Amino acid sequence: QKDYKLWLQYDKITNSQIRSEYTTAITGIVGLGNSETSKIAVKELELGLNSMLEKKLEVKSKLEGQNTLVVGAQSALNPELQKELASHITQINEEGFVIKLVIVDNAKHIVITGKNDVGVLYGVYSFLRRIQTNKSIKNLEITESPKINLRILNHWDNLDRTVERGYAGFSLWNWQKLPDFIDQRYIDYARANASIGINGTVLTNVNANALILTPQYLEKVEALANVFRPYGIKVYLTARFSAPVEIGGLKTADPKDIAVANWWKDKAKEIYKRIPDFGGFLVKANSEGQPGPQNYGRNHVDGANMLADAVAPFGGVIMWRAFVYSEHDANDRAKQAYAEFQPYDGKFRENVIVQVKNGAIDFQPREPFHPLFGAMQKTPIMMEFQITQEYLGFSTHLVYLPQLFKEVLDSDTYQKGKGSTVAKVVDGSLYNAKLTGIAGVSNIGNDLNWTGHPFAQANCYGFGRLAWNPYLDSETIADEWLKCTFSNDENFIKPVKEMMIKSRETVVNYMTPLGLHHIMDTGHHYGPGPWVANLSRPEWNPVYYHKADKNGIGFDRSKTGTNATSQYAPEIEKLFDNVATCPEKDLLWFHHVSWDYKLKNGQTLWNGLSLKYQEGLDQVKEMQSTWNKTEKYLDGERFKEVQMLLEIQYKEAKWWRDACLLYFQQYSGKELPAGVEKPTQTLEYFQSLKFPFAPGN
Ligand code: BDP
């Protein structure tokens, strides 16, 4: 099945001129080095090139002849090549690579090298991508290094194989059959991730189960670590803060208790004995009912540093999440992470990195960037994106997320003056952070195509590419992905790429336009539920977020409201605080405005909002018509799948439009403007819909 191969299709190159450029330049492969990783690199080249060039390339272990592709770490190259490449190698970091045309003894060769074998492997994938996307390989001279240290997938996978917020089947990790049974999918998973530069994976859910830290499970984790290691991927686990009590027989998990600290030290020793390159722990503490240091009157610093000390001797890190909000201070949930963490700047150990979601609420179709980015100069901050589409239509809606990721990464925090982008916080360049990281909540499950929706593969791919280089643009990434996954035919690429690029704004339009947020039905977050008002905690209810009433709609986070705007740098604070300068896309995030408020295009808020919902729906229709024209460029299966999924997306976009507009109309008391179709169902009908078995819950 084509879907299974992701972006590693390696289809034969159809343009014969381009193919002949490649076959002339590459007549054989010289594979240097004996590690597992170097074998994988050579195998991948053979697989990819033999298939794309339709030619069986000979593999040698010694440099001879000409026009060969030489693959090996710097130390494995002969002295002459080492000399040729020395100045380039000094420009890369430990995971970087060099791809260069060299001439030795009058013979031309292309060399792929790096400081170590994993760098070489990344170079191989980069080279293969060039071929996949039909780029020239003449006069190559490429030096590249990843810009972020930790490029990590977070799996919200439970030990019973359900996946929290997972919409692509069950967990890949078959704990019952591990450690003895190694599913081929583990290997294919590692390969796909290595191909985009992912170098870490957190195997378990942030809502953690302490059992993963027992010997019975650690043996299984070790088996997975052994599979992933040659692909440059480290394994991490989530640490349940109360584990010393739950599996350790202690009376407390108080981080200041010496017995507790020692328990974690011993646990770390035990893990590192099995897995010497274990990455460390990801921790969700005192958030949504998870235990944490505050249960014992301690704070985040106490908790994180205690764990940091346990893994430090082995080079491990602690990724401590800042996703906290409590019912005691519910006047604005958006403010709490900043309020709780910012004062701790400089207090964490060197091997602690604070993991912050892209926005201050929770992975909405659109959120302004989280105010913690740039606000902690002395604390490494890592980004947490959500690749799985919890709030963006699960794996049934086509939404190209790199568009969202880039919007956040490109945002200017102004924390160190103009140009202090979130990307510069995340890659460490703004404050010279030594430890940098980016995490994506994975959308992978055991569905045959990994991600449920064929286009959701683009979100995995795009996340990996941006983790490697947050300055890449999302269009380039879409272009690469489409070419590697489907076809190089421009007649296919152009319209489909445009469809992908627009798809993010489309979902914002039909779900949460103009800064609306968190109005999804509660619990499962499937479909609209702006009316939900009966949950025990105020900030769990959609009505808390939109605050619609007769006077208007929106959450006043300006000075006249919760003053959340004050958590941003002065320039941004000013921008957001003033309703006239606040970007319209974030209007209702920061302001409560009247139904008659005049938008920039002259429409009243009510009309503008209604028309946005309609626009979103119309855009899905356009996506359908674009897709319907692609059949001849594709295999039937993937064409048909996406076609059916777009039909669902259309139906659901309509559901969103109708349910939200009928609901808000009760408050606006106004007619729908011309151009907006009249809903055919009643509000009561939409409110009566229940989804007890919505996935991912
Ligand atoms: C929310 C999810 C919930 C997660 C939580 C988290 O609804 O399932 O456990 O975030 O990130 O998005 O901890």
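1. The largest pocket. In this predicted model, 22 residues line the largest pocket. Nearest its centre lie Glu-95, Asn-149, Leu-150, Asn-199 and Lys-234. The volume of the largest pocket is about 440 Å³.

2. Make-up of that lining. Which classes of residue line the largest pocket? The count is 8 nonpolar, 7 polar and 7 charged. Both domain 1 (2–144) and domain 2 (153–485) take part, and each supplies at least three residues to the lining of the largest pocket.

3. Turn next to the ligand.

4. For Glu-164, a polar side-chain atom is 2.4 Å from an oxygen atom of the ligand. For Asp-362, a polar side-chain atom lies 2.6 Å from an oxygen atom of the ligand. For Asn-207, an N or O atom of the side chain is 3.0 Å from an oxygen atom of the ligand. How much of the ligand does the protein bury? Taken alone, the ligand exposes 320 Å², and the protein buries 97% of that.

5. A cis peptide bond. Look at the step from Leu-178 to Pro-179. The peptide bond there is cis. Its omega is near 5°. Where does Pro-179 lie? Pro-179 is in the loop between S7 and helix H5 (184–195).

6. A positive phi. Tyr-10 also deserves a look. Phi of Tyr-10 is near 50°. That is a positive value, in a residue other than glycine. Tyr-10 sits in the segment before helix H1 (16–25).

Methods:
Residues are numbered from 1 along each chain as its sequence is written. This is a predicted model: local features need pLDDT of at least 70, side-chain atom pairs count only at pLDDT 80 or more; totals for chains, interfaces and linings use all residues. Side-chain values use heavy atoms; hydrogens and water are left out. On a 1 Å grid over the protein atoms alone, a cavity is a set of points where a 1.4 Å probe fits but cannot get out, and a pocket is an open set with protein on both sides within 12 Å along at least five of seven lines; lining residues have an atom within 4 Å of a point. Grid points are joined across faces, edges and corners, and a volume is the space filled by probe spheres set on the points. Ala, Val, Leu, Ile, Met, Phe, Trp, Tyr, Cys and Pro count as nonpolar, Asp, Glu, Lys and Arg as charged, and the others, Gly among them, as polar. Domain bounds come from an automatic or database domain assignment. A polar contact is a pair of N or O atoms within 3.5 Å; within protein, one must be able to donate a hydrogen and the other to accept it, and residues adjacent in sequence count only if both atoms are side-chain atoms. Accessible areas come from the Shrake-Rupley method with a 1.4 Å probe; for residues, only the protein chains shown count as cover. Helices (H or I, at least four residues) and strands (E, at least two) are DSSP runs, numbered from the N terminus.
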